[in-house]
Amino acid sequence: MKSVALIGFMGSGKTTVGPLLAELLGVPFVDLDEVAVERAGMSVDEVFAAEGEAGWRHRERDVLVELAADRPLVLGCGGGVVLSQENRRTLRERYTTVYLSASTDTLTERLAGATDRPLLDVPEPKKQIERLSAQRLCVYEVVADITVATDGQTPNEIAIEIGDRLEVRPKS
Ligand code: S3P
């Protein structure tokens, strides 16, 4: 099987659903942010502070490409992974990409009190969520092979829906 990449905005459930889906598919789960943080020896916040967003994006890209050559896995991607054209190509070519969509209200609720998310460390995080998700929504949709609406679904239900939909998709 092709590796599965979970994409979607911060708070869309990639890190919660990912391990459940991985178990269902019998492959490991890897969190892209976690690997990038481990490699950097710094938290996401610290990388943003030391190297800016551009530094983080380089690190993110390197891990995405490297893991694409690995054994099949479920990869939970950071919300901004789709911003680069190179990453979008990697996702299309090397992964079956699943977009976890959620309404702004749901995202705001899930992200209340979130830490280590430098892009939301602003005076009005809800406005920032609205602004960024408006910019990114169509990019997630274009990159995704499968879109799953997560509002009102439990992580387990979402993982099962993805599993079902992956099975009926012709594998390449
Ligand atoms: C980001 C999302 C974060 C992390 C970084 C930037 C983004 O990952 O990669 O803070 O640009 O949306 P999560 O989506 O796992 O929170």
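Which residue does the side chain of Arg71 join in a polar contact of 3.0 Å? The partner is the side chain of Asp70. The model described here is a predicted one.

Leaving aside neighbours within four places in sequence, Arg71 is in contact with Ser3 and Pro28. Ser3 is 68 residues away from Arg71 in sequence, and their C-alpha atoms are 7.7 Å apart in space.

## Ser3 in strand β1

Ser3 belongs to strand β1. Is Ser3 buried or exposed? Ser3 counts as buried because its relative accessible area is 6%, and the limit is under 20%.

A polar atom of the Ser3 side chain lies 3.0 Å from the backbone nitrogen of Leu73. Beyond the neighbours within four places in sequence, the residues in contact with Ser3 are Arg71, Pro72, Leu73, Arg94, Tyr95 and Thr96. Pro155 is 152 residues from Ser3 along the chain, and the C-alpha atoms of these two residues are separated by 20 Å.

## Thr90 in helix α4

Helix α4 covers residues 85-94, and Thr90 is placed in this helix. Thr90 is buried because its relative accessibility is 12%, which falls under 20%.

Which residues touch Thr90, apart from neighbours within four places in sequence? They are Leu64, Val65, Ala68 and Tyr95. Tyr95 is also in contact with Ser3.

## The nonpolar cores

The largest nonpolar core contains 35 residues. Inside this core, the residues with the most contacts are Ile7, Leu75, Cys77 and Leu91. Two or more core residues come from each of β1 (3-7), α2 (32-40), α3 (44-68), β4 (95-101), α5 (104-111) and α6 (125-143). Helix α3 gives the largest share, 8 residues.

Setting aside neighbours within four places in sequence, Leu91 is in contact with Ala5, Ile7, Leu64, Cys77, Val81, Val82, Thr97 and Val143. Another core of 15 residues lies apart from the largest one, and its members include Leu6, Val17, Val27 and Ile146.

## The largest pocket

The largest pocket has a volume of about 580 Å³. Its lining is made of 33 residues, and those closest to the pocket centre are Met10, Gly11, Lys14, Asp33 and Arg117.

Which helix gives the most residues to this lining? Helix α3 does, with 5 residues. At least two lining residues come from each of α1 (14-25), α2, α3, α5 and α7 (155-168). By class, the lining holds 11 nonpolar, 12 polar and 10 charged residues.

## The second largest pocket

The second largest pocket holds about 190 Å³ of space. It is lined by 15 residues, and Leu111, Gly113, Ala114, Leu120 and Pro125 lie nearest the centre of this pocket. The lining divides into 8 nonpolar, 2 polar and 5 charged residues.

Both α5 and α6 supply at least two residues of this lining. The largest share, 3 residues, comes from α6.

## Helix α5 and its end

Which residues of α5 are buried? Thr106, Leu107, Thr108 and Leu111 are the buried residues in this helix. In an α-helix, residues three or four places apart point the same way, because there are 3.6 residues a turn. The cover over the buried residues of α5 includes α6.

Leu111 is both buried in α5 and among the residues nearest the centre of the second largest pocket. Just after α5 comes Gly113, which takes a positive phi of about 75 degrees. Gly113 is also among the residues nearest the centre of the second largest pocket.

Technical notes:
Residues numbered from 1 in each chain as written. Predicted model: local features only at pLDDT ≥ 70, side-chain atom pairs only at ≥ 80, totals over all residues. Heavy atoms only, no water. Core = buried A, V, L, I, M, F, W, Y, C linked by side-chain atoms within 4.5 Å. Buried < 20%, exposed > 50% of the residue type's maximum accessible area, 1.4 Å probe, protein only. Helix = DSSP H or I, 4+ residues; strand = E, 2+ residues; numbered from the N terminus. Contact = heavy atoms within 4.5 Å. 1 Å grid on protein atoms, 1.4 Å probe; cavity = no way out; pocket = protein on both sides within 12 Å on 5 of 7 lines; lining within 4 Å. Points joined across faces, edges and corners; volume = space filled by probe spheres on them. Nonpolar A, V, L, I, M, F, W, Y, C, P; charged D, E, K, R; others polar. Polar contact = N/O pair within 3.5 Å; in protein donor to acceptor, adjacent residues only side chain to side chain.
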